[in-house]
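Hi there,

Here is the structure I promised to pass on. Have a look at it first, and then read on for what turned up in it.

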Amino acid sequence: MTIITKENLDTLEVYCSCGHNLKSVWISPRAKHRPIKFWYAIFWGVSGGKPDRIEWACRLCHEVVGESTDPEHLLHYRHT
Ligand SMILES: [Zn+2]
């Protein structure tokens, strides 16, 4: 697992099991919420909360190649 920051996002060379890197169309970021917070949000009808982290995962082999907890990434990718 690689930690992704806004400084290294464009230059990072990480590959999943089937050989795709962050620039591949198959690797996409997705927001991850801690389950306890997720259910709390549903219960109280809260939406638009910031995720805990962003994971970049391959849609072919489902391998997670990196994650970010950078506040700017959390805001930017929160609806993915
Ligand atoms: Zn893959």
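Before the findings, one term: two residues are in contact if their C-beta atoms, placed from the backbone, lie within 7 Å. Please also keep in mind that this is a predicted model. With that in hand, take the contacts in the protein chain between residues at least 6 apart in sequence: 57% of them join residues at least 24 apart.

On to the overall layout. The protein chain has two helices and four strands, and reading along the sequence gives the pattern β-β-α-β-β-α. Of its 80 residues, 16% count as buried.

The sheet comes next. Its four strands form an open sheet with mixed pairing, in the order β1-β4-β3-β2. Each of β1 (2-3) and β2 (27-32) has a single partner strand and stands at an edge, so one side of each is left without a neighbour in the sheet.

As a reminder, strands of a sheet pair through backbone hydrogen bonds, either parallel or antiparallel. Here is how the pairs work out:

- β1 and β4 (residues 64-68) run parallel and are joined by two bridges; I3 stands opposite E67 in β4.
- β3 and β4 are antiparallel, with four bridges, and I54 stands opposite S68 in β4.
- β2 and β3 are antiparallel too, with six bridges, and K32 has R53 in β3 as its bridge partner.

If you trace the chain from β3 into β4, you will find a hairpin with five residues between the two strands. In that turn, H62 has a positive phi of about 65°.

Which residues make up the largest nonpolar core? There are seven: I4, C16, L22, I27, W56, C58 and V65. Leaving out residues up to four places away in sequence, C58 touches C16, C18, H20, W26, I27, E63 and V65.

Is I4 buried or exposed? I4 counts as buried because 23 C-beta neighbours lie inside 10 Å, and the cut-off for buried is 20 or more. Apart from neighbours within four places in sequence, I4 is in contact with L9, L12, W56, G66, E67 and S68. I4 and T69 are 65 residues apart in sequence, yet their C-alpha atoms are 7.9 Å apart in space.

Finally, T2 in strand β1 is partly exposed, because 14 other C-beta atoms lie within 10 Å. Setting aside neighbours within four places in sequence, the contacts of T2 are L12, V14, V65 and G66. One of these, G66, is 64 residues away from T2 along the chain, with 4.4 Å between the C-alpha atoms of the two.

Methods. Residues are numbered from 1 along each chain as its sequence is written. This is a predicted model: local features need pLDDT of at least 70, side-chain atom pairs count only at pLDDT 80 or more; totals for chains, interfaces and linings use all residues. A residue is buried if 20 or more other C-beta atoms lie within 10 Å of its own, exposed if 12 or fewer, and partly exposed in between; C-beta atoms are placed from the backbone. Two strands pair if DSSP finds at least two bridges between them. A nonpolar core is a set of buried Ala, Val, Leu, Ile, Met, Phe, Trp, Tyr and Cys residues joined through C-beta atoms within 7 Å.
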